[in-house]
Amino acid sequence: MTDFEYYDENEEDYKSKTQIKREMEALQDLGAKLVKLNPAQRKKVPMSDTMRDALVEADRIKQWSAQRRHLQYIGKVMRTEDADAISARLELFDSTSAANNKRFHQLEGTRDALIGDGGKEILDQYIVANPHVDIQQLRSLVRMAKKEVEQNKTTTSRKKLFKFLREAQDAKLGLL
């Protein structure tokens, strides 16, 4: 008798061995991406203490075959983690991802709106939507960036304003 004789066609939860293997390999690949993160980025990823310990151990291991076995262990630990939340957070770190590009363009648009015409109303709206920001520093950065644009100077103040907006959004999203 084979395993397939016990298969009930009405059962919706049935997964083939191949499908299970693909899912496990995907979790292992996700774990490998976690290993490649730096410690500051790892702190921003939602995971259990067991996973954090496994990642610290992975940094310590240098031998190739031991690394391969440890990645398999990380894949096993990944079965108990929230893979969707981890994947979403990893996309924000990946500079080539669509989520990161969308976020980047939204921040650019906010910065340009703050500097452009009607910036006062947009600044007030931004402050209402983000009460945790340092209002004095934000207004100062906007003022300096506007002056820079009027005088056709370098983009230093605009870059500082963009960095400030990105850090404020990171704090709001819990990425810091």
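Here are some friendly notes on this predicted model, point by point.

1. **Ground rules.** This model is predicted, so local features need pLDDT of at least 70 and side-chain atom pairs count only at pLDDT 80 or more, while totals for chains, interfaces and linings use all residues. Residues are numbered from 1 along each chain as its sequence is written, and side-chain values use heavy atoms, with hydrogens and water left out.

2. **Overall fold.** The protein has nine helices and zero strands, giving the pattern α-α-α-α-α-α-α-α-α along the sequence. Helices here are DSSP runs of H or I with at least four residues, strands are runs of E with at least two, and both are numbered from the N terminus.

3. **Burial and surface.** Of the 176 residues in the protein, 28% are buried. Buried means under 20% relative accessible area, exposed means over 50%, and partly exposed lies in between (1.4 Å probe, protein chains only). The protein exposes about 12300 Å², and carbon and sulfur atoms supply 50% of that area; accessible areas come from the Shrake-Rupley method with a 1.4 Å probe, and for residues only the protein chains shown count as cover.

4. **Contacts along the chain.** Among contacts with a separation of 6 or more, 55% are accounted for by residues 24 or more positions apart. A contact means heavy atoms within 4.5 Å.

5. **The largest pocket.** About 230 Å³ of space lies in the largest pocket. A pocket is an open set of points on a 1 Å grid over the protein atoms alone, where a 1.4 Å probe fits, with protein on both sides within 12 Å along at least five of seven lines; lining residues have an atom within 4 Å of a point. Grid points are joined across faces, edges and corners, and the volume is the space filled by probe spheres set on the points.

6. **What lines the pocket.** The lining consists of Leu-30, Lys-33, Lys-36, Leu-37, Gln-41, Ser-87, Leu-90, Glu-91, Phe-93 and Asp-94. By type, the lining divides into four nonpolar, two polar and four charged residues. In this scheme Ala, Val, Leu, Ile, Met, Phe, Trp, Tyr, Cys and Pro are nonpolar, Asp, Glu, Lys and Arg are charged, and the others, Gly among them, are polar.

7. His-70 is found in helix α4 and counts as buried because its relative accessibility is 11%. Its side chain reaches the backbone oxygen of Ala-54 at 2.7 Å. Leaving aside neighbours within four places in sequence, His-70 is in contact with Ala-54, Glu-57, Ala-58 and Ile-61. Ile-61 sits in the loop between α3 (49-60) and α4 (64-78), and it is buried because its relative accessibility is 14%. Residues up to four places away aside, Ile-61 touches Ala-66, Gln-67 and His-70.

8. **Gly-75.** This glycine also needs a look: Gly-75 lies in helix α4 and is buried, at 6% relative accessibility. Gly-75 and Gly-31 are 44 residues apart in sequence, yet 5.9 Å apart in space, C-alpha to C-alpha. Gly-75 is in contact with Leu-27 and Gln-28, leaving aside neighbours within four places in sequence.

9. **Thr-155.** In the loop between α8 (135-150) and α9 (156-173) you will find Thr-155. Thr-155 counts as partly exposed because its relative accessibility is 33%.

Notes
Polar contact = N/O pair within 3.5 Å; in protein donor to acceptor, adjacent residues only side chain to side chain.
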